[in-house]
Amino acid sequence: DDMLDKLPNDYLSHEVKARLIKMGILQPMNIFLRQEIDRMQKVITLVRNTLQDLKLAIDGTIIMSENLRDALDSMYDARIPKAWAKISWDSSTLGFWFTELIDRNTQFHTWCFEGRPNCFWMTGFFNAQGFLTAMRQEVTRAHKGWALDSVILHNDVTRSMKDDITTPPAEGVYVYGLYLEGAGWDRRGAKLIEPKPKILFESMPVIHIYAINSTGGTDARMYQCPIYKKPRRTDLTYIATVVMKTTQNPDHWVLRGVALLCDIK
């Protein structure tokens, strides 16, 4: 009952469509938003149906199926039911998973019905690579004569935290909610430093990610820092690479295994 109460309302497809037409339905970012909302809606529908059926099954009105039994056992152990995990995201416990569902939904809902956010929470996307690709397409379209193949991602780490951001960047996106693992961050100098003792993860300031038209290689003095969705670093959780300033040789941080994580749970 508690989960059903907190579960967000369904998206009405005609309302979403009307908002997207207003915002420009063929803009790369809005196409991306629509795909994300569709996936979010699938999760909300499945969770609502499972919970409603569980109540009926406990009362004995309908038969307790295999899926419902798995859901009941999982919820009892604070694990995520298999059917839910299959179409959603990884999380360590059901509590974290459900909080994330509400947070992710809030970002999509606000973006769709109140306009594009100044700053994006990257952790909240199903397809974070798709988000960065949509941003690249948007920048490419804004410049005449640029080809998508030669447009690469570039970034600056700002000195601001999320609450300091009041306007969107002129180009590209502001991203927040990333954690640095394996190193510390000097906010004033905007560069990598040695980690503080006993601090495993350091919260990063807002990062401005944009695209540039370049065929040249990357700057060898910068550390190429990978971004992963989860602490388990595999190809499946890899999103993109950002560059970070460092006074030491970048190899020093490679050996430390320095990376950015969207989520540390």
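The model is predicted; local features need pLDDT of at least 70, side-chain atom pairs count only at pLDDT 80 or more, and totals for chains, interfaces and linings use all residues. Residues are numbered from 1 along each chain as its sequence is written, and side-chain values use heavy atoms, with hydrogens and water left out.

The protein has 8 helices and 11 strands. These are DSSP runs numbered from the N terminus (helices: H or I, at least four residues; strands: E, at least two). The C-alpha trace spans about 65 × 50 × 30 Å along its principal axes. Of the 265 residues, 42% count as buried. Buried means under 20% relative accessible area, exposed means over 50%, and partly exposed lies in between (1.4 Å probe, protein chains only). Contact means heavy atoms within 4.5 Å. Among contacts between residues at least 6 apart in sequence, 67% join residues at least 24 apart.

The largest pocket has a volume of about 360 Å³. Ser88, Trp89, Asp90, Lys229 and Lys230 are the closest to its centre among the 19 lining residues. The lining comprises 8 nonpolar, 4 polar and 7 charged residues. Here Ala, Val, Leu, Ile, Met, Phe, Trp, Tyr, Cys and Pro count as nonpolar, Asp, Glu, Lys and Arg as charged, and the others, Gly among them, as polar. On a 1 Å grid over the protein atoms alone, a pocket is an open set of points where a 1.4 Å probe fits, with protein on both sides within 12 Å along at least five of seven lines; lining residues have an atom within 4 Å of a point. Grid points are joined across faces, edges and corners, and the volume is the space filled by probe spheres set on the points.

The structure holds 0 disulfides (pairs of cysteine sulfur atoms within 2.5 Å). For Cys112, the closest cysteine sulfur is in Cys119, 19 Å away and too far for a bond. Cys112 is buried, at 0% relative accessible area. For Cys262, the closest cysteine sulfur is in Cys225, at 11 Å, again too far for a bond. Cys262 is buried too, at 5%.

Arg48 is in helix H3 (residues 28-59). Its relative accessible area is 17%, so Arg48 counts as buried. Beyond its neighbours within four places in sequence, Arg48 contacts Leu4, Leu7, Pro8, Asn9 and Asp10.

Ala71 belongs to helix H4 (residues 66-76). Ala71 is buried, at 1% relative accessibility. With neighbours within four places set aside, Ala71 is in contact with Thr50, Leu54 and Pro81. The C-alpha atoms of Ala71 and Lys230 are separated by 24 Å, with the two residues 159 apart along the chain.

Thr140 sits in helix H7 (residues 128-142) and is buried, at 10% relative accessibility. Outside four places in sequence, Thr140 contacts Trp146, Ala147, Leu148 and Val151.

Ala183 lies in the loop between strand S4 (179-181) and strand S5 (184-186). Not counting residues up to four places away, Ala183 touches Leu192, Ile193, Pro195, Glu202, Trp253 and Val258. The C-alpha atoms of Ala183 and Leu153, 30 residues apart along the chain, are 23 Å apart.
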